[in-house]
Amino acid sequence: MALLPFYCERAAAKLCHGEPTVTHLATPFDLHPRETGFDTPDALRLSQRLIQVGIALSSETDLRRLLELIVAQARELTCCDGASLFIREGEELRFFVVNRNEELQDLRLPLTPSSIVGYVVLTGESLNLPDVYRLPPGLPYAFNSQVDQQTGYRTRSLLTVPLRDPSGNILGALQLLNRLRPDRPADPAPNQVADWSQPFSELEVRVAEALASQAAVAYQNVRLREELKAAHLETIFCLAQAAEYRDQDTSFHLKRMSHYSRILAKELGLSSREQELIFYASPLHDVGKIGIPDAILQKPGPLTPEERLIMNRHPEIGYEILSKSDSELMKKSAIIALTHHEKFDGSGYPRGLKGEGIPLEGRIVALADVFDALASRRPYKAAWDLDEIFRFVENNSGSHFDPHVVAAFKRGRGEILEIYHRYQEAR
């Protein structure tokens with residue numbers, strides 16, 4: 001989570017300790033002192049706070065981290081004990097709960113106007129309920145006390161606001177529970193929180209609505225980015241599979257080895273961005289085979305020395321195809337295509353690179369590709385036993401494979417085997 005300037009923290013702290021000097025907030029960034037009653041310094045602090053939160057949300061590209069950031073900022077800005085985020089998916093609400101020890105739980109429930117959150121999502125109206133156990137009769141919605149009964153927690157004040165995008169579409173809802181009093185103990189027990197709660201103020205309603213609007217835009221941007229990434233990956237897999245198709249490899253091989261490569265990158269401590277680049281780039285490692293004649297590529301028996309020389313050109317062919325792009329991903333793919341047949345002791349091809357002279361991504365994919373090739377059944381060979389492959393990798397540490405990558409392979413063994421079993425061809 002981004003660290004915010006001290007004066008922004010101070011403004012939030014004043015809200016939490018019952019010092020708001022404003023009674024109305026029309027829009028998140030439209031705080032006019034004469035109209036709202038805010039003194040100028042506090043108006044500027046709150047405006048800056050919301051701007052900083054908006055920047056933090058818009059800069060987050062991981063969906064789960066975004067959801068965590070939304071609810072964390074909501075709790076901090078409104079001084080409440082808990083927060084939940086609901087995302088609409090058809091006729092269901094996907095329910096991300098943040099409980100008091102900050103853990104997310106991913107649940108689903110039906111979308112219905114008889115629930116509080118369902119009513120907000122379907123009508124677009126915010127609901128600020130001072131005490132959910134004292135709702136007046138005749139309301140179209142009701143509070144479900146099942147969670148309170150199961151956990152011993154006691155909900156009192158509840159604020160639910162819609163996640164509304166700039167077009168007016170309701171994407172879900174943000175729900176805040178138990179606005180805490182300034183004189184509360186540092187860490188009240190779950191069954192005592194209600195005794196130290198108070199209703200949410202009109203100012204806090206406006207702040208929550210502003211945050212929810214920012215969250216809706218940020219959520220849409222992250223989802224769009226994920227959809228584009230998925231489409232990009234599908235295109236890469238299609239291109240890679242077109243090259244592999246003539247060599248009798250399958251799309252499962254590409255999926256497995258790309259996942260293996262990401263696991264190795266993670267175990268080696270590479271950044272999440274670098275892990276992602278290697279994951280997307282690795283399926284194109286053998287795209288250069290598209291330039292190898294069928295008579296060699298599909299030959300059932302051993303290759304002659306002359307044929308082997310032609311086959312060994314495919315890394316450079318792949319590099320020539322991929323390196324012409326200015327895309328960071330394609331440049332990474334070109335390096336992998338060129339170097340994934342190099343060996344740590346310098347006996348590989350096409351350039352006989354040695355040790356750390358081989359780019360790390362090439363050393364990673366070299367192991368991932370060999371592991372999957374040995375573990376896969378092909379018309380010309382049976383699959384190796386998995387324990388036998390792990391021994392082979394260990395025995396070739398320092399010769400074929402980088403010892404650091406082998407150590408990462410051993411650390412990630414559980415995840416690697418899970419991927420192996422998940423993506424299997426039909427027998």
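A: Helices (H or I, at least four residues) and strands (E, at least two) are DSSP runs, numbered from the N terminus. The model is predicted: local features need pLDDT of at least 70, side-chain atom pairs count only at pLDDT 80 or more, and totals for chains, interfaces and linings use all residues. Residues are numbered from 1 along each chain as its sequence is written, and side-chain values use heavy atoms, with hydrogens and water left out.

Asn396 is found in the loop between H15 and H16. Is Asn396 buried or exposed? Its relative accessibility is 19%, so Asn396 counts as buried. Buried means under 20% relative accessible area, exposed over 50%, and partly exposed in between (1.4 Å probe, protein chains only). Lys343 is 53 residues away from Asn396 in sequence, yet the two are 9.9 Å apart in space, C-alpha to C-alpha.

Two packed helices are described by the angle between their axes and the distance between the axes. Axes are lines fitted to C-alpha atoms, for helices over the stretch in contact, and angles run from 0 to 180 degrees between N-to-C directions. Helix H15 (residues 386-395) packs with helix H16 (residues 403-411) at an angle of about 155 degrees, and their axes are 10 Å apart. H15 is therefore roughly antiparallel to H16. The classes are these: angles under 35 degrees count as roughly parallel, over 145 as roughly antiparallel, 65 to 115 as roughly perpendicular, and the rest as oblique. H15 and H16 cross in a left-handed way. A crossing is left-handed if the near helix is turned anticlockwise from the far one by less than a right angle, and right-handed if clockwise.

Which residues meet here? From H15 come Phe390, Val393 and Glu394; from H16 come Val406, Phe409 and Lys410. Contact means heavy atoms within 4.5 Å. By class, this contact of H15 with H16 has 4 nonpolar, no polar and 2 charged residues. Ala, Val, Leu, Ile, Met, Phe, Trp, Tyr, Cys and Pro count as nonpolar; Asp, Glu, Lys and Arg count as charged; the others, Gly among them, count as polar.

H16 also packs with H14. The angle is about 50 degrees, and the axes are 10 Å apart. That makes H14 oblique to H16. The crossing of H14 and H16 is right-handed. In H14, Leu360, Arg363, Ile364, Leu367 and Phe371 meet Val405, Val406 and Phe409 of H16. The contact of H14 with H16 divides into 7 nonpolar, no polar and 1 charged residues.

A cis peptide bond joins Tyr349 and Pro350, with omega about 10 degrees. Pro350 lies in the loop between helix H13 (328-339) and helix H14 (360-375). Most peptide bonds are trans.

Next, the wider chain. Its secondary structure comes to 17 helices and 7 strands. Of its 427 residues, 47% are buried. Among contacts between residues at least 6 apart in sequence, 61% join residues at least 24 apart.

A nonpolar core is a set of buried Ala, Val, Leu, Ile, Met, Phe, Trp, Tyr and Cys residues joined through side-chain atoms within 4.5 Å. The largest one has 35 residues, and those with the most contacts inside it are Leu57, Leu85, Leu163, Leu174 and Leu176. Helices H3 (40-59), H4 (63-78) and H7 (202-245) each supply at least two of its residues, as do strands E1 (80-89), E5 (158-164) and E6 (170-180). H7 gives the most to this core, with 11 residues. A second, separate core has 25 residues, including Phe371, Ala375, Phe390 and Tyr423.

Two backbone details remain. Cys79 lies in the loop between H4 and E1. Its phi is near 55 degrees, a positive value in a residue other than glycine. Asn178, in strand E6, also has a positive phi, near 60 degrees. Cys79 is buried, with a relative accessible area of 4%, and Asn178 is buried at 0%.
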